[in-house]
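I opened my notebook to go through this protein one feature at a time. Here is what I looked up, in the order I looked.

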Amino acid sequence: MNLPKEIKIMGSPFRVEVVADTLHAEHAGSFDVESQVISIADEAGPGFRIWLLLTQAISILDWLLEIGLEQPTIAGLTTGLKSLLSDNPEVLDFIADGRTAPSPEAVYFLGLRFDLEAVAINLESDNLGTCTVMGQRLRMAKGLEPEMAGVVSLHEALHAISYLQGLDLEEGTVQRLASGVRSLLVENPQFVKLLKGG
């Protein structure tokens, strides 16, 4: 399985290089925003390479959006997102292009099943979705445009991942991450295919 040669992050192309990692043995992945290069250690196994690429993409989103996440938080988010995206191929289609994929009824991540429901929520409010970790439910407002439905469902899944990974993310941070990760998926169909295991 080969990593894509390039991925776009917030519209900017980043070259992906698999490199001998003799200088950075403690860092199996890194990025350079100025040269727009993501480096992944050639010693990393196939599954770990995907995790590393997603970690670097989230790190770049963090830098571009000026969020200020710490590395353990990025690692926790990566683990949860990789689980969500790899274990639910239909979710990738729904988030990346809600126009061609129906909303799944449930999603699985971090060993749990979460019902995904469209419910009557006041579309005038700022709250277009809810996450109930104890009840294992992610809800979004009925009648959302497909693109917004993908962002809202990802947003609520990020809340669940944050809770399950012991992370303390503010609402604004979750919203920016949801938009950024959706952008990453929409702009990179080859990365979506890789996450699906293809």
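**Entry 1: the cavity.** Before counting, I wrote down what a cavity is: a set of grid points where a 1.4 Å probe fits but cannot get out. I also noted that I am working with a predicted model. How many cavities of 30 Å³ or more are there? I found one by this rule. The largest cavity holds about 60 Å³ of space.

The largest cavity is lined by Leu84, Val91, Phe94, Ile95, Val107, Leu116, Leu138, Ser153 and Ala157. Which helix gives the most to this lining? H3 does, with three residues. H3 and H4 each supply at least two of the lining residues. I sorted the lining by class and got eight nonpolar residues, one polar and no charged.

Entry 2: I turned to the largest pocket, which has a volume of about 210 Å³. Its lining is made of 15 residues, and Gly29, Thr55, Gln56, Ser59 and Gln71 lie nearest the centre. Two or more lining residues come from each of strand E3 (29-32), helix H1 (46-64) and helix H2 (71-87). H1 has the largest share, with seven residues. By class, I noted seven nonpolar, seven polar and one charged residues in the pocket lining.

**Entry 3: two helices that cross.** A reminder to myself: two packed helices are described by the angle between their axes and the distance between the axes. I looked up H2 and helix H3 (residues 89-96), whose axes come within 4 Å and cross at roughly 100 degrees. Angles of 65 to 115 degrees count as roughly perpendicular, so H2 and H3 are roughly perpendicular to each other. Which residues make the contact? From H2 they are Leu84, Leu85, Ser86 and Asp87, and from H3 they are Pro89, Val91, Leu92 and Ile95. The contact has six nonpolar, one polar and one charged residues.

Entry 4: Another reminder: strands of a sheet pair through backbone hydrogen bonds, either parallel or antiparallel. Strand E1 (residues 6-9) and strand E2 (residues 12-19) pair in the antiparallel sense over four bridges. Lys8 has Pro13 in E2 as its bridge partner. E1 and E2 form a hairpin with two residues between them, and in the turn Met10 has a positive phi of about 55 degrees.

Does E2 run parallel or antiparallel to strand E4 (residues 37-41)? I found that E2 and E4 pair in the parallel sense over five bridges. Here Val19 has Ala41 in E4 as its bridge partner.

**Entry 5: the four-stranded sheet.** I then followed an open sheet of four strands, in the order E5-E6-E8-E7, with mixed pairing. Which strands are at the edges? They are strand E5 (106-109) and strand E7 (129-132), each pairing on one side only. From one strand to the next, the twist averages 20 degrees.

Within this sheet, strand E6 (residues 112-119) and strand E8 (residues 137-141) pair in the parallel sense over five bridges. Val119 stands opposite Ala141 in E8. Helix H4 (residues 146-164) packs on the sheet and touches E5, E6, E7 and E8. The direction of H4 makes about 150 degrees with that of E8.

Definitions and conventions: Residues numbered from 1 in each chain as written. Predicted model: local features only at pLDDT ≥ 70, side-chain atom pairs only at ≥ 80, totals over all residues. Heavy atoms only, no water. 1 Å grid on protein atoms, 1.4 Å probe; cavity = no way out; pocket = protein on both sides within 12 Å on 5 of 7 lines; lining within 4 Å. Points joined across faces, edges and corners; volume = space filled by probe spheres on them. Nonpolar A, V, L, I, M, F, W, Y, C, P; charged D, E, K, R; others polar. Axes fitted to C-alpha atoms, helices over the stretch in contact; angles between N-to-C directions. Parallel < 35°, antiparallel > 145°, perpendicular 65-115°, else oblique. Contact = heavy atoms within 4.5 Å. Pairing = 2+ DSSP bridges.
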